[in-house]
Amino acid sequence: MDKLRTLFLTFLKIGAFTFGGGYAMIALLENEFVSKKKWVDKNEFLDMVAVAESTPGPIAINAATYIGYKLSGMSGAILSTIGVSLPSFIIMFLISLFLDKFLALKLVGFAFRGIQACVIYMILFAGIKMLGQLEKKAFNYVIFGAVVISMVAFSILAVNFSAVFFILICGFMGITYYCIKRIGDKK
């Protein structure tokens, strides 16, 4: 019961104190899961983030479900998912009651601008940290370079290319690399 309470309260805290969605949460999730609680190691965390990004739904909910299930089975998955979702639900419910009056406040507008700047920093920090933890293999550098070059080129040329396609292309390249390596290992 103590483990379930810890899971719920941990994810309630994550849900309450992170703004900007999944990418902005990655640094907090890593600090909580890898450094403080030691629920997963760095490699498993990177795998979890990759799967959470690739599957439908928000990263935080997918991560909560995974960690909860890993540590306490189905009940852990349910409580962790509720914990991370509950703060957003309550905040959005309260805002919806007073939305027009809430948005008219100048202080709220300035607060949202400040939060936007913080979210950009958090996403950048999480990306740089994950890049530093990436295995030093030529394949990883090729994938990273191809994605960066594509993103810059598409931005400069104003081509509308969904991030979903980057994920699918990189996933396809990873599967291809795995198959080629496996065939090479058999010989």
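Which residues have the most contacts inside the largest nonpolar core? The tour below leads to them.

**Before starting.** This is a predicted model, in which local features need pLDDT of at least 70, side-chain atom pairs count only at pLDDT 80 or more, and totals for chains, interfaces and linings use all residues. Residues are numbered from 1 along each chain as its sequence is written, and side-chain values use heavy atoms, with hydrogens and water left out.

**The whole protein.** Display the protein as a cartoon. It has 8 helices and 0 strands; these elements are DSSP runs, numbered from the N terminus (helices are H or I, at least four residues; strands are E, at least two). Along the principal axes, the C-alpha atoms fill a box of roughly 65 × 50 × 25 Å.

**The two domains.** Colour residues 2-100 as domain 1 and residues 135-187 as domain 2. These bounds come from an automatic or database domain assignment. The C-alpha centres of the two domains lie 27 Å apart.

**Helices H1 and H4.** Select residues 2-17, helix H1, and residues 59-97, helix H4. Two packed helices are described by the angle between their axes and the distance between the axes. The axes of H1 and H4 come within 7 Å and cross at roughly 35 degrees. Here, axes are lines fitted to C-alpha atoms, for helices over the stretch in contact, and angles run from 0 to 180 degrees between N-to-C directions.

**The nonpolar core.** Next, show the side chains of Phe 11, Ile 14, Leu 29, Phe 33, Phe 45, Met 48 and Ile 67, which have the most contacts inside the largest nonpolar core, a set of 22 residues. Such a core consists of buried Ala, Val, Leu, Ile, Met, Phe, Trp, Tyr and Cys residues joined through side-chain atoms within 4.5 Å. Buried means under 20% relative accessible area, exposed over 50%, and partly exposed in between (1.4 Å probe, protein chains only). The elements giving two or more residues to this core are H1, H2 (22-36), H3 (42-54), H4 and H6 (106-133). Its largest share, 6 residues, comes from H2.

**Leu 29.** Centre the view on Leu 29. Not counting residues up to four places away in sequence, Leu 29 touches Ile 14, Val 34, Phe 45 and Ala 63; contact means heavy atoms within 4.5 Å.

**Val 51.** Finally, select Val 51, in helix H3. Is Val 51 buried or exposed? Val 51 counts as exposed because its relative accessibility is 52%. From Val 51 to Ala 63, the C-alpha to C-alpha distance is 8.8 Å, and the two residues are 12 residues apart in sequence.
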